[in-house]
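Please look at the sequence and the model first.

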Amino acid sequence: MKAITYSSAYTIVPTYECFNRCTYCNFRTDPGQDEWMSLAQAEHILQRLDHVVELLILSGEVHPNSARRASWFDRIFDLCKLALSMGFLPHTNAGILSFDEMAKLKTVNVSMGLMLEQMTPTLLESVHRHAPSKLPEVRLQQLAWAGELQIPFTTGLLLGIGESERDRIETLVAIANIHEQYKHIQEVILQPYSPGQKESLSQAAFQPRQLIQLIKIARSILPDTISIQIPPNLVAEDLIACLDAGAQDLGGISPHDEVNPDYPHPKVEALRQQLEPQSYHLVQRLPIYPQYDRWLADDLRAAVEHHRTAGLETSKNSVTYRK
Ligand SMILES: O=c1nc2n(C[C@H](O)[C@H](O)[C@H](O)CO)c3cc(O)ccc3cc-2c(=O)[nH]1
Ligand SMILES: C[C@H]1O[C@@H](n2cnc3c(N)ncnc32)[C@H](O)[C@@H]1O
Ligand code: SF4
């Protein structure tokens, strides 16, 4: 039996407003068109969650020069603090951050994330023409800063947005290189672009056959300690083939996929039933991988350790985490 991991997650969205206009996005609204999530609203939601460990804070972006940037950042910080105080483990992906913002968020997150997406600059003339946050060198710099700050980090590729096969390999090599320097990448998401209702791009989804091939290539480029994550709701009937190719993680399983709202996440029990007959054992993990616990400040490390021991006591399906 091979272990396949997932995280029991819930996603909150501080705001859907975003100054970028990625043509494949089904998430964003225009700046000023969305009311931000209040702490009271968040508390109301969080109080009702059962069996959720990870709180994923996923946000649209307010322009760094906007007068509202500071209050946007403060809201995200406060939401993380609230989540921690209620026993959840926060993982934030709020797009591009300043070094100072990233350093502050490290104090209230057990891990963070940002998709590198693709390194090729050609996309700046197509899907990212109106998305200043998607400059490849800016995103690569974010990964470097996360490394300098010793933040356990999740990144990944967005596939099928106009890149070539060679571009994908270059992006994987860029991730491997930055990890070589800082050793901070805990997982890489291979995210097939999947068309939704709201976007303007509206092209065919990334081909499963290509995804399976890419998982094998990624496995040969990335070190073994980096887990390859695939979203089960976007690969549907090809899930087992993806696992056979070397993917080991299914990411955060939450009631809604906020990024791909047209593709609901399968239930954990349904996934388990799909995996077990194929000799794959579904195991819950935390949003931080055990080898990074030592990078956390004392309060965060205590929260994580609480979950690791609680998990071992209450679930016969949980992993024996090794230090
Ligand atoms: O439900 C989702 N979770 C997404 N997650 C959540 C992710 O699966 C988990 O938060 C991490 O694996 C940590 O447990 C992301 C996290 C990142 O850091 C970067 C990108 C994503 C993308 C998605 C996504 O499209 N849908
Ligand atoms: C949270 C991450 O989700 C990815 N993302 C944004 N839109 C889509 C889509 N239509 N399909 C798949 N992934 C998407 C982006 O790479 C973003 O960084
Ligand atoms: S993908 Fe992220 S950066 Fe791009 S428009 Fe959507 S919310 Fe904004």
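Does Leu 172 count as buried or exposed? Leu 172 counts as buried because 22 C-beta neighbours lie inside 10 Å; a residue is buried if 20 or more other C-beta atoms lie within 10 Å of its own, exposed if 12 or fewer, and partly exposed in between, with C-beta atoms placed from the backbone.

The model is predicted: local features need pLDDT of at least 70, side-chain atom pairs count only at pLDDT 80 or more, and totals for chains, interfaces and linings use all residues. Residues are numbered from 1 along each chain as its sequence is written, while chains are lettered from A and ligands numbered from 1 in the order in which they are written.

**Leu 172.** This residue is found in helix H5 (residues 165-182); helices (H or I, at least four residues) and strands (E, at least two) are DSSP runs, numbered from the N terminus. Leaving aside neighbours within four places in sequence, Leu 172 is in contact with Ala 218, Ile 221 and Leu 222, where contact requires C-beta atoms, placed from the backbone, within 7 Å. Although Leu 172 and Ala 218 are 46 residues apart along the chain, their C-alpha atoms are separated by 6.6 Å.

**The chain as a whole.** The protein chain has ten helices and nine strands. Of its 323 residues, 41% are buried. Its C-alpha trace spans about 50 × 45 × 40 Å along the principal axes. Among contacts between residues at least 6 apart in sequence, 76% join residues at least 24 apart.

**The annotated cysteines.** The unreviewed UniProt entry places the feature "binding site" at Cys 18, Cys 22 and Cys 25; such annotations may be inferred rather than shown by experiment. Cys 22 is in the loop between strand E1 (2-12) and helix H1 (39-47), and the loop between E1 and H1 also holds Cys 25. Cys 22 counts as buried because it has 23 C-beta neighbours inside 10 Å, whereas Cys 25, with 19 other C-beta atoms within 10 Å, is partly exposed. Not counting residues up to four places away in sequence, Cys 22 touches Val 127, His 128, Ala 131 and Lys 134.

**The ligands.** Residues surrounding ligand 3 include Cys 18, Cys 22, Cys 25 and Ala 131. Around ligand 2 there are 14 residues, the closest being Tyr 24, Met 115, Leu 158, Ser 194 and Val 259. A residue is near a molecule if its C-beta atom, placed from the backbone, lies within 6 Å of it. The shells divide by class as follows.

Notes:
Contact = placed C-beta atoms within 7 Å.
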